[in-house]
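Good morning, and thank you for coming.

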Amino acid sequence: MRKVIVSVLAALTVFGTGASQSQADAIAGSRDGPGTIIGGFFRELVGYLKRSDQVEAGDEAPDFELVPLRFYNFDIGEPDELRNARANVYQGVRLSAFKHVRPVALIFGSYT
Amino acid sequence: MEFLLVYIQEAHPADGWSVEVNPKLRYVKQPDTSMQRFQVANSCVTDLQISIPCVIDNMENTTMEAYNALPDRLYLVGKDGRIAFKGRHGPFGFKPAELEAAIETELAAIGGES
Amino acid sequence: MGVALAVLVAGARPGIAEMAVGGAAPDFELMPLRFYDFGLEEREITRENAWELYEPVRLSDFKGKRPVALVFGSYSAPIRADLPDLAALHLEYGDRVQFLFVYIREATDPTVKIPRAPQTDLERIRIANSFVNEVDLPIPCLVDGIDDTTLARYAAHPTRAYLVATDGRIAHVSPHASVKLDPAEFQAALVVPPSDPR
């Protein structure tokens with residue numbers, strides 16, 4: 001299990017580094033002129049300031065049901081597991097399905 | 001222990017605050033449709049060889065808003081369904097080492113590996 | 001229902017006349033599973049043309065540039081046994097011939113592999129993505145629209161492969177319900193002997 005966690009966190013580092021680098025590059029310079037960079041930076045800053053955390057540690061995690069990229073077998077002990085695993089590509093993956101089963105690490109991000 | 005990559009709206013789309021991370025990463029426009037978001041998410045996962053299961057936020061960005069996750073962020077949801085760890089916003093707050101420490105704490109609290 | 005029946009009947013009959021060797025390959029516009037760089041033209045992606053990354057792929061994009069090996073299949077298609085040969089062809093000719101896999105509607109009862117047949121374009125693209133990951137398909141994948149237009153035009157049920165020459169004409173067709181393509185036909189279709197160092 002530790003090996004799994006370490007390898008996943010290594011993958012996260014790759015993903016997060018890309019995101020961090022993109023932000024750093026944005027500040028350092030881009031193809032755009034200074035006006036666009038500054039304008040974009042302040043737009044983003046205003047956007048961030050407007051958003052406030054809606055959850056804190058200890059709160060019930062907001063549930064969601066989101067469609068996956070493809071079949072994943074999450075092995076959460078439901079009967080007829082393969083069928084249910086493949087059904088999630090239509091029904092979506094519910095966070096609450098993991099409650100009382102196992103912890104879930106959520107990694108939010110995008111390509112850019 | 002489960003890991004889920006929640007793919008959200010683009011942080012630096014071509015039609016927003018765009019940057020060029022490296023020559024191979026093209027200018028990606030903010031997706032307008034679920035199909036477009038699927039394509040860019042799939043490109044990301046494939047190009048970066050991410051093996052973590054990936055789910056895609058809806059075009060209303062409901063989950064991103066609920067977790068205030070833009071541009072990127074880490075959370076740990078405990079076995080009891082409560083937030084066990086809330087990372088700071090990326091890029092500078094995106095720290096896998098902090099998530100690892102939280103995972104170790106959670107696993108110890110629930111009595112070992114899960 | 002009537003259209004679906006006609007498509008099933010057409011697909012079940014081998015040697016459909018409308019797809020004869022020498023005929024023009026019907027053009028299509030299909031959504032790719034993800035961004036693919038086909039290297040068709042030198043261009044710089046900019047803020048202004050970034051939307052083109054989301055554009056569908058057209059067969060006519062390759063006309064005059066390189067031959068295209070079109071492989072049609074789905075979860076319920078009898079394709080898995082042929083995949084090693086397909087991979088070998090791709091390894092040999094992939095630098096000179098564009099291989100494209102087109103995910104189409106399942107020909108037989110799909111519930112053996114998937115919960116039900118997809119009912120929207122987005123459901124089909126997720127099913128297709130699952131399939132290519134499961135079989136570790138090495139070639140780019142496009143997805144037929146839920147209206148099954150390309151399936152019908154190519155009489156592709158349950159599975160089929162075509163080699164489209166650089167001039168846009170069909171050079172070779174696989175046997176019915178198979179994706180086996182003759183390597184000799186690839187050689188004949190290649191009019192530019194030097195490898196394209198893409």
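Helices and strands here are DSSP runs, of at least four and at least two residues respectively, and they are numbered from the N terminus. With that numbering, Asp136(C) is found in the loop that links H3 to strand E5 (141-143) of chain C. Please bear in mind that this is a predicted model.

Is Asp136(C) buried or exposed? Asp136(C) counts as exposed because 8 C-beta neighbours lie inside 10 Å, and the cut-off for exposed is 12 or fewer. Its C-alpha atom is separated by 10 Å from that of Ala87(C), a residue 49 positions away along the chain.

Let me turn to the chain as a whole. Chain C has five helices and seven strands. Read from the N terminus, their order is α-β-β-β-α-β-α-β-α-β-β-α. Of the 198 residues in chain C, 38% are buried. Among contacts in chain C between residues at least 6 apart in sequence, 78% are between residues at least 24 apart.

Finally, the interface. How many residues of chain C are in contact with chain B? There are 16, and they meet 15 residues of chain B. On the chain C side, the elements giving two or more residues are strand E1 (29-32) and helix H3 (121-135). H3(C) gives the most, with four residues. By residue class, that side of chain C consists of eleven nonpolar, two polar and three charged residues.

Notes: Residues numbered from 1 in each chain as written. Chains lettered and ligands numbered in written order. Predicted model: local features only at pLDDT ≥ 70, side-chain atom pairs only at ≥ 80, totals over all residues. Contact = placed C-beta atoms within 7 Å. Nonpolar A, V, L, I, M, F, W, Y, C, P; charged D, E, K, R; others polar. Buried ≥ 20, exposed ≤ 12 C-beta atoms within 10 Å, placed from the backbone.
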